[in-house]
Amino acid sequence: MTHSANHTNELVHEDGHHDLEELRKFGFWLFLITDCILFSVLFATFVVLREGTAGGPGPKDIIEMPGVIAETFILLTSSFTSGLAVLSLNKGSRQGLIGWLAVTILLGACFIGLEMSELLALISEGHTIRTSAFLSGFFTLVATHGLHVSVGFFWILAIILQLSRHGITPVTTRKVQITSLYWHFLDAVWIFVFSVVYLMGVM
Amino acid sequence: MLDNLKDFASWFFVTGDPLIYGADVSIVMTVIAILFVLTFFKKWGWLWREWLTTVDHKRVGIMYIISALLMLFRGGFDALMLRTQLAYPDMKFLSPEHYNQVFTTHGTIMILFMAMPLMFGLFNIAVPLQLGARDVAFPFLNALSFWLFFFGAMLFNMSFVIGGSADAGWLSYPPLSEMTGSPGVGEDFYIWGVQISGIGSLMTGINFIATIVKMRAPGMTWSKMPMFTWSVLASCIAIIIAFPVLTVTLALLFVDRYLGAHFFTMDGGGNSMMYVNLIWMWGHPEVYIVVLPAFGIYSEVVATFSKKRLFGYASMVFAMMAISVVSYYTWLHHFFTMGSGADVNTFFAISTMIIAIPTGVKIFNWLFTMYRGRISFPTPMMWTIAFIPCFVLGGMTGVMLSVAPADFQFHNNYFLIAHFHQVLIGGVAFGYFAGLFYWWPKMFGFKLNETIGKWAFWIWNIGFYVCFMPQYVVGLDGMTRRISTYGWDTGWWGLNFTSTIGGFLMGLGFLFTVWQIAHSIRFMEKDTTGDPWGGRTLEWSIPSPAPIYNFAITPVVTERDEWWEEKQRNAAGKASKKQQPLSPIHMPKNSALPFIQAVCWFTAGFGLVFHWLWLAIPGLLGVAATLLAHSFNYDTDYYIPVDEIQRTEAEARRTV
């Protein structure tokens, strides 16, 4: 397998036409643009509807900052470990790579767990997506981010399995680089969620 | 038990309308006929291997085009039903509810399931060939895009006989499209049909940008790229920026309907104008998404049939890119009447007027290309020439509509209807017809009959003006859109009746087009040259239909209109091309996963329409499983050996 992938790469280089793996990375950057716009629309919707509490709770009434700060630190750390994974990749250390990727998604899982418990607590208090436009926007934005992180969890898990099977090849290298981009992107989105939804909410 | 089943069936299937029963019978008969033909001629394996699992851009393109023509038939049939209902005052042909369903379906199908796939079909056929590439950047993704479109369209079309159609207009404005206004499943069919095919469109946008940016033949700098490819780039940039907005908007509407959220509701702090803003932030770029490639086609056709280089290449590129950007700043002109104040309305009025300028630049470019050219008039050129006056008129009425104070009079009446049909038919449909007839020999290896094609052209065109010119007048007389009937006292009868005659003439034009295609298949006029029109760009340098790998040797580009220049060099005996040796060609393998994944999406969508989680969840799990299966599959490509390339090229009567 390793051989055939390398062979592919060389041949394409000889062709002078394009490098397949570079092409795929470029395509992924384009996808990130679309994902960025997807989140922008959700942010815009949230901001427009923020005042629409319909007599229900407002941001100040429902936000518990300690939990959110914990989530933030966990996700930021996972972005750092994802960077360490890429450093291991560049050094060619398969074990280091797999190890750091595993740490990254475990931190991601902790983040999801905390976020789920935060949202479930709100629901159990009777503050649901049906309560008001503000809460509709809040749940949808936060859950869309959470869904992205969950997808990232399974995606990176799949790549860990592939790394253990195929080792570091041009194909797996590209896959790690792409998921790393994705993970950093979600981290950046979270910074905005943290600022716009939570910080501006309690201020 | 039997009663329960009967209850379920009477709710699940649409009943009680003779037209629908007629449709039921014809659908069942067609399905039986298709199954019979496939089985009788033992074509199942062929269908699966050659088409359903293909990742070849040329075949994906053909499947897009066939689907689009079928959808054109359905959307056109809907249009004729609408026109029949409006032919006389107090007509009883369609009930008001049925009329609402038909105009909703007509609009949705024509834009999303006819114009979009026809456009993607032409992208697929022409772009890789114009670039000198072996395929698109991501062939697997390309097949997936097609199947998502196809099953999205099927989901939407099913609502016609199962569950009931959407009836809140082609953009499904809330609060009418909320549960309170539309408690049935029609809106959910709309949401998921459009959503699933929209994801496919988004991926096509990404795919073609990557293809154009990264896969141009050696030597093809930006300023040597064919104009159609430029227009595809402009259109795809608009796609990747606009379509995520659609995805979110539809998702939020579904969350409102399914989970009871309050984004667009009248109560709970929701804001239904938020939806209208969001959907037009997608919807306005969308009309430019469909018209830009048509501009590209006109540019290719006009240069080819004037035997001249396109006039004003740089200004054309600039105009397209400008349109692609400015189109995001005009969305509010669809609802000046929202009451957002003079400042906001002024901004959008001016941006709308500004976007007419690059379009005007292009018109002059096409005219100057024809000026002193050696013009010939085959059907693609006829459609192009017919487009120019038609689009100028449609564009001028658009500028009238952009005057915000005047728009309070035009808003939602037949003046507007006539305007957008004129730019969408006269601009988009004419362009795609021109493109379809232009690239037809490249797709199938034979030309279409010109005589019948010209009959079709004239009937279509006369029908168009007879249909839509009266609508401008009846709109100024005060006839509003989406009304299912009117009284004798309105004085609108004569104009409406004329318009209906025009509509049926266009239907006749469609029949002539079908006859043209059928006749041309029967008496096939083979294109043995690969270059039947005296083309200018690289797609005409290879045999028709193009071999699976497109180019045996990757072409090296030195000039704009490389193939035309190459022919000039050859004629002057200055051919400097050293024959490069053949080498094995790297190709992607066919895959069943795109088809299977789209079926899973369809299943999930169908489950979500009926709020059946027992069906939706397995569908979504199927989607996840196919994604993983693709990720774990490392055996995705193969090489075509040199002797096979030589054989294929020799069969195409070209020595290598």
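This is a predicted model: local features need pLDDT of at least 70, side-chain atom pairs count only at pLDDT 80 or more; totals for chains, interfaces and linings use all residues.
Residues are numbered from 1 along each chain as its sequence is written, chains are lettered from A and ligands numbered from 1 in the order in which they are written, and side-chain values use heavy atoms, with hydrogens and water left out.

At the interface, 43 residues of chain A are in contact with 42 residues of chain B, contact being defined as heavy atoms within 4.5 Å. The area buried between the two chains is about 3,500 Å², with carbon and sulfur atoms giving 74% of it; buried area here is the accessible area (1.4 Å probe) that two parts lose on being put together, summed over both. On the side of chain A that touches chain B, the elements giving two or more residues are α1 (2–15), α2 (20–49), α6 (133–166) and α7 (170–202) of chain A, where helices (H or I, at least four residues) and strands (E, at least two) are DSSP runs numbered from the N terminus. Of these, α2(A) gives the most, with 17 residues. By residue class, this side of chain A divides into 22 nonpolar, 16 polar and 5 charged residues, with Ala, Val, Leu, Ile, Met, Phe, Trp, Tyr, Cys and Pro counted as nonpolar, Asp, Glu, Lys and Arg as charged, and the others, Gly among them, as polar. Across the interface of chain A and chain B, 0 salt bridges are found (a side-chain nitrogen of Lys or Arg within 4 Å of a carboxyl oxygen of Asp or Glu).

Within chain A, helix α4 (residues 65–91) has 27 residues and should span 39 Å at 1.5 Å a residue, which agrees with the 39 Å between its end C-alpha atoms; the expected span is 1.5 Å times one less than the number of residues. This helix is followed by Gly92(A), whose phi is positive, near 80°.

In chain B, the peptide bond from Pro174(B) to Pro175(B) is cis, with omega near 0°, and Pro175(B) lies in the loop between α6 (139–158) and α7 (186–214) of chain B. A cis peptide bond also joins Ser544(B) and Pro545(B), with omega about -15°; Pro545(B) is placed in the loop between β2 (525–526) and α17 (562–571) of chain B. Asp561(B), a residue other than glycine, has a positive phi near 55° and lies in the loop between β2 and α17 of chain B.
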